[in-house]
Amino acid sequence: MDITELILDDHHEQRRLFAILEQIDRSETGVLEAIWSRLARFLELHALAEEEIFYPALLKVGVAAHRKSGVEDETLDAIGDHNDIRDAVAAVGRHKVGSDDWFEAVAAANLANSDHMAEEEREGLTDFRRLAALSRRHQLAVEFAAFEARNYAGVESVDKDPEEYVRKAERGLPTGNGGSGGSGGSLSIGPMKKN
Ligand SMILES: [Fe+2]
Ligand SMILES: [Fe+2]
């Protein structure tokens, strides 16, 4: 296994669920609600799994390879994007399922997530394949799969300050809400995208 492949598989599943939503009649509110609720939970879980397992590992191999500023910039961007995605997911919940506003909010979440995935695939995943050995990527894939399995029912939605996240991750400290039951050190300060 390879953590970069598991992340790509998750991205594919997210694209698939957004595409399914676009093809369901707006009168089928029960179906829209069920599929959106699964997708929303999955978006939150995926972002947190990356924050707990992937980005700390990317920072570590990047620093070791003298690529500190490159991996730090990528991580700051990604954490800011994750905050934007969490906010876009929350915004969908403020509208009546199947209404024009609801579909617009879903499209905005799709846009925020698509932009982020493209960047993550081009930058973080590519760098990680270059910098980390396959044995390490396998070990992290096991951790990533375990994290998602243990927290399949959903995780708390908590935004993180990107700079504080990078500081903590580089010191090997807990970076926030680490799945079920954990909430230590999380900051609820809203999006702080760097660029
Ligand atoms: Fe991400
Ligand atoms: Fe991702």
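I began with Lys68, which counts as partly exposed because it has 13 C-beta neighbours inside 10 Å. (The scale: 20 or more other C-beta atoms within 10 Å is buried, 12 or fewer is exposed, in between is partly exposed, with C-beta atoms placed from the backbone.)

**Ground rules.** I am reading a predicted model, where local features need pLDDT of at least 70, side-chain atom pairs count only at pLDDT 80 or more, and totals for chains, interfaces and linings use all residues. Residues are numbered from 1 along each chain as its sequence is written, and chains are lettered from A and ligands numbered from 1 in the order in which they are written.

**Lys68, continued.** I placed Lys68 in helix α3. (Helices are DSSP runs of H or I with at least four residues, strands are runs of E with at least two, and both are numbered from the N terminus.) I looked up its contacts beyond four places in sequence and found Gly62 and Val63. (Contact means C-beta atoms, placed from the backbone, within 7 Å.) I also checked Pro56: it is 12 residues from Lys68 in sequence and 12 Å away in space, C-alpha to C-alpha.

**His66.** I found His66 in the loop between α2 and α3. It has a positive phi of about 60 degrees, yet it is not a glycine. Most residues other than glycine have a negative phi. I counted His66 as exposed, because it has 8 C-beta neighbours inside 10 Å.

**α2 against α3.** I took the helices on either side of that loop next. α2 and α3 pack at about 170 degrees, and their axes are 10 Å apart. (Axes are lines fitted to C-alpha atoms, for helices over the stretch in contact; angles run from 0 to 180 degrees between N-to-C directions.) That angle makes α2 roughly antiparallel to α3. (Under 35 degrees is roughly parallel, over 145 roughly antiparallel, 65 to 115 roughly perpendicular, the rest oblique.) On the α2 side I noted residues including Trp36, Leu43, Tyr55 and Val63; on the α3 side they include Lys68, Ile79, His82 and Val92. By class, this contact has 14 nonpolar, four polar and five charged residues. (Ala, Val, Leu, Ile, Met, Phe, Trp, Tyr, Cys and Pro are nonpolar; Asp, Glu, Lys and Arg are charged; the others, Gly among them, are polar.)

**α1 against α5.** I read an angle of about 40 degrees here, with the axes 7 Å apart. That makes α1 oblique to α5. Ile3, Thr4 and Leu6 in α1 meet Arg137, Leu140, Ala141, Phe144 and Ala145 in α5.

**Core.** The largest nonpolar core has 40 residues, and Val92 and Ala109 have the most contacts inside it. (Such a core is a set of buried Ala, Val, Leu, Ile, Met, Phe, Trp, Tyr and Cys residues joined through C-beta atoms within 7 Å.) α2 gives the largest share, 14 residues. I followed Ala109 past its neighbours within four places and found Ile85, Ala88, Val89 and Val92.

**Whole chain.** I counted six helices and zero strands. The radius of gyration is 17 Å, close to the 16 Å of the globule rule for 195 residues, so the chain is as compact as a globular protein of that length. (The radius is taken over C-alpha atoms; the rule is 2.2 Å times the number of residues to the power 0.38.) The C-alpha trace spans about 55 × 35 × 30 Å along its principal axes. I noted that 36% of the 195 residues count as buried.

Notes: Two residues are in contact if their C-beta atoms, placed from the backbone, lie within 7 Å.
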